[in-house]
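Please examine the sequence and the model before reading the solutions.

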Amino acid sequence: MENLTNQILELDSGKKYFVLRQALYKGVTYYLAVEVTEDEENFTNNFLFFERIDKDGKFTVKEVTDENILTVLAKNIKIEQ
């Protein structure tokens, strides 16, 4: 599986997110991402965790909403400054 850190994910909704970190937890890949503006020039204040879902040789992502997983990810994924 490729590392998507520092790449942009575009959702079906048209929103774009810059991947800050990628982590593996219990065999599942998660991404910490920040929404970017339409022109991809700036970040917004909208940070999300996404879960990677692999199917038929392709992948999609969905927003993580499980509070327990969010807590674990938030405690263990660090942003280097």
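Each exercise below gives a task and then a stepwise solution.

The model is predicted, so local features need pLDDT of at least 70, side-chain atom pairs count only at pLDDT 80 or more, and totals for chains, interfaces and linings use all residues. Residues are numbered from 1 along each chain as its sequence is written, and side-chain values use heavy atoms, with hydrogens and water left out.

**Exercise 1. Describe the fold and overall dimensions of the protein chain.**

Step 1. The secondary structure consists of 1 helix and 5 strands; helices (H or I, at least four residues) and strands (E, at least two) are DSSP runs, numbered from the N terminus. Along the sequence the pattern is β-β-β-β-β-α.

Step 2. The radius of gyration of the protein chain is 12 Å, close to the 12 Å from the globule rule for 81 residues, so the chain is as compact as a globular protein of that length. This radius is taken over C-alpha atoms, and the globule rule is 2.2 Å times the number of residues to the power 0.38.

Step 3. Along the principal axes, the C-alpha atoms fill a box of roughly 35 × 35 × 20 Å.

Step 4. Of the 81 residues, 30% are buried; the classes are buried (under 20% relative accessible area), exposed (over 50%) and partly exposed (in between), with a 1.4 Å probe and protein chains only.

Step 5. Among contacts (heavy atoms within 4.5 Å) with a separation of 6 or more, 26% join residues 24 or more positions apart.

**Exercise 2. How many salt bridges does a search of the whole structure find, and which residues form them?**

Step 1. Apply the criterion: a side-chain nitrogen of Lys or Arg within 4 Å of a carboxyl oxygen of Asp or Glu. The search of the whole structure returns 2 salt bridges.

Step 2. One of them joins the side chains of E40 and K16, with an N to O distance of 2.8 Å. This pair links distant parts of the chain, 24 residues apart: E40 is in the loop between β3 (28–36) and β4 (43–55), and K16 is in strand β2 (residues 16–25).

Step 3. E40 counts as partly exposed because its relative accessibility is 39%, whereas K16 counts as buried because its value is 18%. Besides E40, the residues that K16 touches, leaving aside those up to four places away in sequence, include I8, L9, V34 and E38.

Step 4. In the other bridge, D54 pairs with R52, and the closest N and O atoms are 3.0 Å apart. D54 is placed in strand β4.

Step 5. At 52% relative accessibility D54 is classed as exposed, while R52, at 10%, is classed as buried.

**Exercise 3. Which side chain of opposite charge is nearest to E51?**

Step 1. Locate the residue: E51 lies in strand β4.

Step 2. Lys and Arg count as positive and Asp and Glu as negative; His and the chain ends are not counted. The nearest side chain of opposite charge to E51 is K62, 4.3 Å away.

Step 3. E51 is buried and has no salt bridge.

Step 4. Not counting residues up to four places away in sequence, E51 touches V28, T29, Y30, T60, V61, K62 and V64.
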